[in-house]
Each structure stands twice: as C-alpha cells, then as structure tokens.
Amino acid sequence: MINTRELTIALPSSKAKGWMASILQMLHDKTVTHKKLQQLVGRLNHVAYVVPGAQHFLGNLRKAESIAGSRPSLRYTLRNSDRKDLLLWVRLLEYAEQGMSLNLLTTRKINTWWRSDACKHGIGGYNLRTGRAWRWVLPEELRFRVSINVLEFLGCYINYRLAAMEGEIEENDIIFLEGDNSSAISWLEKTNASDDEQASPHDRPILLKIAREVARIMMDTKTAIFPGHVPGKKNDVSDVLSRDYHLSNDELTALLFCHVPEQLTKDFSISPLPQTIVSQVSTWLTLETQTKDASYQPTESDHSTGSCG
C-alpha cells in the first residue's frame, strides 16, 4: 500500500497481522504442512521484493518447502535455522506494516561511503567521507576459524554497525559498503547459508548471524545499504589497515598519506573499535571450529615495504 502524501509504502495491517499469526502458530506447533509452508513462502516473497535485505531469509524456508514437498502427506518439522528465520520474519513484517520511505527503494545519491578489507590475521575499514578508520588484529586463538570470505563479510558488517553506533547515519539514508571480495559483497544482499548443526563446512552458521544483524540495523535505523565491489588495487587503504599491525597508528597514517593520498580525506584518523563490537565478533568466531595452519606467516602490505623516498 503506497501513501502518495507521505511517500511511504507499507504492508496492510490485516495482512501483516494475519501472516504473523501464521508464523507464530508454526513456531508453537514446531511442525507444518507443505501446503501452509508453501502459502507462507509465497506471501513472504512479495514482502521480500520491497523490504531491503529480506531476501536473505527466504533461502532456508524455500529449502524447507522443497523438503516438505517431497513428503506432502507428512508434517514437516521445523529446523533450527527455519525457526530463527521465522522469528526474524515476524520483525520484518512488523517493519513492513509500519511503512518505510520510498526513498529507500529508489536509485539516488548515497549518504555515506565505507570500504573494508581483511586478511587471515586482521580486518580494517574506513569512511571515505569522514576519514574515520579502524583496524582489528585477530587474536591467535581466533584465527583460522572461518574463511577469508567470512572475514571480509565481517568487515562490511562492522562498517555498517559503526556508522549506526556513532550517529553518522540518519533515517532514510543510503549507505555504500564497498569491498574487494565478491562473495562478501554478494552476501550483503543474499545468502543461503544454514544454521543447522548438520550443515556443511561451507554453510557457516556465522553467515546468517551476520546477515540477521545487518537486517536488524537496517530496521532499527530505517536505512538501506548499497553493496559495491572495488578492485583490490584500488582498496589500498583498507588493505594496509588489515595487515600492517607492526606499524603504529601514526606511522601507518603517514605511510598512507605518502603512498595513496588520493584515497584519503584530510581528516583521516584511526580509532579503536568499540569494545561491544569486538566482544560480539569474538564470540561469533569462538563458536566456529579452529583449523590450524602452521605454515601461515602474517604478511605485510606492499606499501609497508616501500618508502617515501
């Protein structure tokens, strides 16, 4: 339903409340028929076309629908990942019922611009407009628990959360999140990862943890993100931030202004990550299985081996 006076779009209350009631009943019963699950997925699909980020949370439900369809005479038992996504869908439907600005659905000028990068021993990122930068070296006990793609995805999430925590963004803003890892950038829009204990190593539960947090930030701030891929050779600042922990903040800043001043603002400054973010990400990584890589040696960026003459 579009309000042409306020320029908002909303899901009619009767539909939102009815669909939420269906979800809550499924969660209560813990089982569902194929027909009802198919009907719900069809309804939620319409919402996902409008609510930014909602398509993330249809993958598990479509998989559940397919499994239920193979045994239509039996009731399907909801998996852990199904229950978590259904709970989030209750929140998404409430958000859709409240209505959101049409400005979040149209192509327009971005309001803020962040880049990030990661390596096996660290993550870093910065704001291309304000110069706010950060870097986090992974403690040795947290290394080799997830793939480099997941670490890159974490960098995108941290940038978004920082923008929200530090009051940089306002309602209806568009946040441009850039990185040089195509998998991480695509995950900002959709991932079919599973939470199930039986999930394959490639379906890391941490992916959906991050995706759900991204969705919550979008709903809490009433903003939208625009993912973008930047070639690695143009992502020098984030690369240095993620790798060169042997340099102090002042040394690293001087190095960057010497080598890539065109990628910096005059106010560029490195600050520590808030402890709340460090604790959250550390907890996520701790829950993943660690795989040792005795041959790995942290490498410095190409810029750190050069000089300013």
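Predicted model: local features only at pLDDT ≥ 70, side-chain atom pairs only at ≥ 80, totals over all residues.
An open sheet of three strands runs in the order S1-S2-S5 with antiparallel pairing, and its edge strands, S1 (2–3) and S5 (100–101), each pair on one side only. Between S1 and strand S2 (residues 8–9), which run antiparallel, there are two bridges, and Ile2 has Ile9 as its bridge partner in S2.

The largest nonpolar core holds 81 residues, of which Trp89, Leu93, Trp136, Tyr160, Ile210 and Leu285 touch the most other members. Leaving out residues up to four places away in sequence, Leu285 touches Trp136, Leu138, Leu142, Arg145, Val146, Leu154 and Ile206. A second, separate core has 14 residues, among them Val237, Val240, Leu247 and Leu256.

Helix H8 (residues 236–243) is largely enclosed by the rest of the structure, because seven of its eight residues are buried. These buried residues are Asp236, Val237, Ser238, Asp239, Val240, Leu241 and Ser242, and what covers them includes strands S6 (112–119), S7 (122–127), S8 (132–137) and S11 (269–270), together with helix H9 (249–259).

Thr223 lies in the loop between helix H7 (205–221) and strand S10 (224–229), and with a relative accessible area of 0% this residue is buried. The side chain of Thr223 makes a polar contact of 2.6 Å with the side chain of Thr221, while the contacts of Thr223 beyond its neighbours within four places in sequence include Leu104, Tyr160, Ile169, Glu170 and Asn172.

The aromatic rings form six pairs. In one of them, Phe176 and Phe226 have ring centres 5.5 Å apart and planes at 45°, so the pair is tilted; Phe176 belongs to strand S9 (residues 174–179) and Phe226 to strand S10, 50 residues apart, and the pair thus links distant parts of the chain. Phe176 is buried at a relative accessible area of 13%, whereas Phe226, at 47%, counts as partly exposed. Phe257 and Phe268 form an edge-to-face pair, with 6.4 Å from centre to centre and 85° between the planes, and this pair also links distant parts of the chain, since Phe257 is in helix H9 and Phe268 in the loop between H9 and S11, eleven residues apart. Here Phe257 is partly exposed, with a relative accessible area of 32%, and Phe268 is buried, with 6%. Ring pairs also link Trp113, Phe176 and Phe226 into a cluster.

Terms used
Residues numbered from 1 in each chain as written. Heavy atoms only, no water. Helix = DSSP H or I, 4+ residues; strand = E, 2+ residues; numbered from the N terminus. Buried < 20%, exposed > 50% of the residue type's maximum accessible area, 1.4 Å probe, protein only. Polar contact = N/O pair within 3.5 Å; in protein donor to acceptor, adjacent residues only side chain to side chain. Contact = heavy atoms within 4.5 Å. Core = buried A, V, L, I, M, F, W, Y, C linked by side-chain atoms within 4.5 Å. Pairing = 2+ DSSP bridges. Phe/Tyr/Trp six-rings, centres within 6.5 Å; stacked < 30°, edge-to-face > 60°.
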